[in-house]
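Subject: Structure handover

Hi,

Here is the structure for your files. My notes on what turned up follow below.

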Amino acid sequence: MTFGIVAVICNLFLVPGILAWNMGRHDLREIRAGSMDRRGEAMTQTGMILGIVFTLVSIGILAFCLLIFAVAIVR
């Protein structure tokens, strides 16, 4: 959840979003396998979803900036 929130605050940096996505996916597997406490499942899933969303948003912003940069160079 923490990395998901950090990804929201610093959405131009891919690292927190990717970490939230990867750690959330791993922890959800552990929770569903019974190795971790199920009480944290909702927060883990929320953090993972925030990580996914803001990773994709960051990639979109980065692609848009690269497109603008490329157009500026061509002119």
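The contact between α2 and α3 comes first. On the α2 side it takes in Leu14, Gly17, Ile18, Ala20, Trp21, Gly24, Arg25, Asp27, Leu28, Ile31 and Arg32. Their partners in α3 are Glu41, Thr44, Gln45, Gly47, Met48, Gly51, Ile52, Thr55, Ser58 and Ile59. Contact means heavy atoms within 4.5 Å. By type, the residues of this contact split into nine nonpolar, eight polar and four charged. Here Ala, Val, Leu, Ile, Met, Phe, Trp, Tyr, Cys and Pro count as nonpolar, Asp, Glu, Lys and Arg as charged, and the others, Gly among them, as polar.

A word on provenance. This is a predicted model: local features need pLDDT of at least 70, side-chain atom pairs count only at pLDDT 80 or more, and totals for chains, interfaces and linings use all residues. Numbering runs from 1 along each chain as its sequence is written, and side-chain values use heavy atoms, with hydrogens and water left out.

Geometry next. The axes of α2 (residues 14-33) and α3 (residues 41-74) come within 7 Å and cross at roughly 150 degrees. Axes are lines fitted to C-alpha atoms, for helices over the stretch in contact, and angles run from 0 to 180 degrees between N-to-C directions. The crossing is left-handed, that is, the near helix is turned anticlockwise from the far one by less than a right angle.

Now α2 itself. Its buried residues are Pro16, Gly17, Ala20, Gly24, Leu28 and Ile31. They sit on the same side of α2, because they cover an arc of only 90 degrees around the axis. The arc is that of the directions from the helix axis to the C-beta atoms. The face turned away from that buried side carries exposed Val15, Arg29 and Ala33. Buried means under 20% relative accessible area, exposed over 50%, partly exposed in between (1.4 Å probe, protein chains only). Just after α2, Gly34 takes a positive phi of about 90 degrees.

Is Thr55 buried or exposed? Thr55 is buried, at a relative accessible area of 4%. Leaving aside residues up to four places away in sequence, Thr55 touches Leu14, Gly17, Ile18 and Trp21.

Overall, the protein has three helices and zero strands. Helices (H or I, at least four residues) and strands (E, at least two) are DSSP runs, numbered from the N terminus. Of its 75 residues, 21% count as buried.

Best wishes
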